[in-house]
Amino acid sequence: MTHGVRTDAYSPHLDGDRDWRDTATRYALLPLRIFLGVTFIYAGIDKLTDSAFMKDAGAGSIGDMMRAVRDSSAIPALVDMSLENPVAFGYAIAFGELAVGIGILIGLLTRVAALGGALLSLSLWLTVSWAAEPYYYGNDLPYLVAWTPLLLAGAPLLSVDAALRSRRRRRVGDYR
């Protein structure tokens, strides 16, 4: 007796005969791309436009934040490196977030952008949110995990990467 359980991830139909599950599977990473892209763009812009953040010291500054988390971080040496020039570190984080967010949102060099996002999230988890207890109160760990599907799969649809891949295939006559 046949039941309605599907074990395949992608439809074997290449003629366009797809049901809603096939469509949902194909577009499953799009909400994640939009969320992470918009969030990281916002985070970068927020840092760049916050007059207090890009300072060595003072309320809300990157310098004071890094000094506050230094002793509770998993890698104090990483915090010490950031404290050598906190403003430059703040700009590096902000521009990194912008580059990652734009790359993920438009799907350009998606796996590279996802790796950058994962590394940013990992570094923030090991420094800023490491002391959060219980661990799931720290927001950087879920972001780190959220980058994993995009790192593995890239942006197969609605992306610059997909358009370039399609263009290359047309040029060489590869219609797989």
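**Salt bridges and a helix**

Mentor: Start with Arg-70, which is partly exposed, with a relative accessible area of 27%. Buried means under 20% relative accessible area, exposed over 50%, and partly exposed in between (1.4 Å probe, protein chains only). Keep in mind that this is a predicted model: local features need pLDDT of at least 70, side-chain atom pairs count only at pLDDT 80 or more, and totals for chains, interfaces and linings use all residues. Residues are numbered from 1 along each chain as its sequence is written, and side-chain values use heavy atoms, with hydrogens and water left out.

Trainee: Which side chains meet Arg-70 in a salt bridge?

Mentor: Asp-71 is one, at 3.2 Å, N to O. Asp-80 is another, at 2.8 Å, N to O. A salt bridge here is a side-chain nitrogen of Lys or Arg within 4 Å of a carboxyl oxygen of Asp or Glu. Helices are DSSP runs (H or I, at least four residues), numbered from the N terminus.

Trainee: How many salt bridges in the whole structure?

Mentor: Five. Among them is Asp-19 with Arg-21, at 3.4 Å, N to O. Asp-19 is partly exposed at 27% relative accessibility. Arg-21 is partly exposed too, at 32%.

Trainee: New topic. Where does Lys-47 lie, and is Lys-47 buried or exposed?

Mentor: Lys-47 is in helix α2 (residues 30–49). Lys-47 is buried, at 18% relative accessible area.

Trainee: What does the Lys-47 side chain make a polar contact with?

Mentor: The side chain of Glu-97, at 3.1 Å. A polar contact is a pair of N or O atoms within 3.5 Å; within protein, one must be able to donate a hydrogen and the other to accept it, and residues adjacent in sequence count only if both atoms are side-chain atoms. Leaving aside neighbours within four places in sequence, Lys-47 is in contact (heavy atoms within 4.5 Å) with Phe-53, Met-54, Ile-93, Ala-94 and Glu-97.

Trainee: Last one. What follows α8?

Mentor: Gly-173, with a positive phi near 80 degrees. Helix α8 itself covers residues 160–172.

Terms used: Helix = DSSP H or I, 4+ residues; strand = E, 2+ residues; numbered from the N terminus. Expected span 1.5 Å × (residues − 1).
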